Amino acid sequence: MLNEVIEIAIGAGKKVLEVYDDAYTIHEKEDRSPLTIADQLSHEHIKTELSKLFPTFPILSEEGASIPFKERKNWSSFWLVDPLDGTKEFIKKNGEFTVNIALIQGNRPVLGIIYAPVTDTLYYAEKNKGAYKLMTASSLEKRKQVKINTASSGVKKIVISRSHLSDATQEYIEDLQRQEGKLEFTSIGSSLKFCLIAEGEAHYYPRMAPTMEWDTAAGQIIVEEAGGLVINYDTGTPLFYNKKDLKNPSFLCGINKVIGYN
């Protein structure tokens with residue numbers, strides 16, 4: 001299953017890059033977030049290819065999320081997809097956008113893939129099998145696989161959203177500075193923030209601004225399998241999925257011993 005889904009993510013990334021340098025129309029979704037033809041092309045590719053290979057698994061995607069809860073509440077396994085995470089970064093042409101695909105079982109992610117088309121870098125994880133990074137991912141002959149983990153030391157590093165830094169997140173950062181003293185900051189778009197945590201390039205990723213389930217599922221399993229945590233800020237429990245309301249609570253992502261939960 002994993003190799004097939006990796007190829008689907010890479011294929012979706014190619015669809016995105018086909019229009020990356022072109023002029024395109026930007027639409028506005030109901031929540032006023034932007035939508036481009038790249039989102040739609042990636043969505044159609046992923047939906048078509050996943051349905052061919054896994055016809056019994058439903059698909060919940062950002063670009064097709066109108067499935068009512070009464071229909072999906074009994075799903076035991078399903079794909080949770082963000083066909084273009086970081087549309088604002090795509091529009092800015094800074095390269096910080098990804099394709100995210102996760103498999104959810106029992107309300108938790110058990111497989112996750114994050115593909116960054118511009119750098120041709122792919123992160124993936126399976127439950128109890130570790131987290132890995134593929135460089136030159138679209139070239140089978142040149143792929144380089146690296147096992148990743150959250151081991152990190154030295155000055156505490158915090159990664160924040162490039163486009164969505166809320167007042168509540170800023171307050172958390174100020175509290176953290178009072179506790180830790182000096183902090184180093186990195187801003188980056190999309191689910192790449194989870195990847196920096198998984199690689200040990202940052203200790204904390206606090207998010208007190210709105211996110212949706214498809215924004216976090218793939219990143220969560222990658223961070224968890226690398227040895228980190230993605231937890232509800234209020235309860236300290238891992239995020240779970242296929243809720244009636246697909247919005248996530250405020251959460252903390254980071255290295256276990258750093259964010260204070262076991």
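Student: Why is Asp175 called partly exposed?

Tutor: Asp175 has a relative accessible area of 36%. Buried means under 20%, exposed over 50%, and partly exposed in between, using a 1.4 Å probe and protein chains only. The value of 36% falls in between, so Asp175 is partly exposed. Before we go on, this is a predicted model, where local features need pLDDT of at least 70, side-chain atom pairs count only at pLDDT 80 or more, and totals for chains, interfaces and linings use all residues. Residues are numbered from 1 along each chain as its sequence is written, and side-chain values use heavy atoms, with hydrogens and water left out.

Student: What makes Asp175 and Arg178 a salt bridge?

Tutor: A salt bridge needs a side-chain nitrogen of Lys or Arg within 4 Å of a carboxyl oxygen of Asp or Glu. Here the N to O distance is 2.1 Å, so the pair qualifies. Both residues lie in helix 5 (residues 167-180), three residues apart, about one turn of the helix. Helices (H or I, at least four residues) and strands (E, at least two) are DSSP runs, numbered from the N terminus.

Student: Is Arg178 buried or exposed?

Tutor: Arg178 has a relative accessible area of 61%, and with the cut-off at over 50% it counts as exposed.

Student: How many salt bridges are there in the whole structure?

Tutor: A search finds six. One of them joins Arg143 and Glu7, with the closest N and O atoms 2.6 Å apart.

Student: Why is that pair said to tie together parts of the chain?

Tutor: Arg143 sits in the loop between strand 8 (130-135) and strand 9 (144-148), while Glu7 belongs to helix 1 (residues 2-20), so the pair links parts that are 136 residues apart in sequence.

Student: Which residues have the most contacts inside the largest nonpolar core?

Tutor: They are Leu80, Ile222 and Cys253, in a core of 35 residues. Helix 7 gives the most to this core, with seven residues. Such a core is a set of buried Ala, Val, Leu, Ile, Met, Phe, Trp, Tyr and Cys residues joined through side-chain atoms within 4.5 Å.
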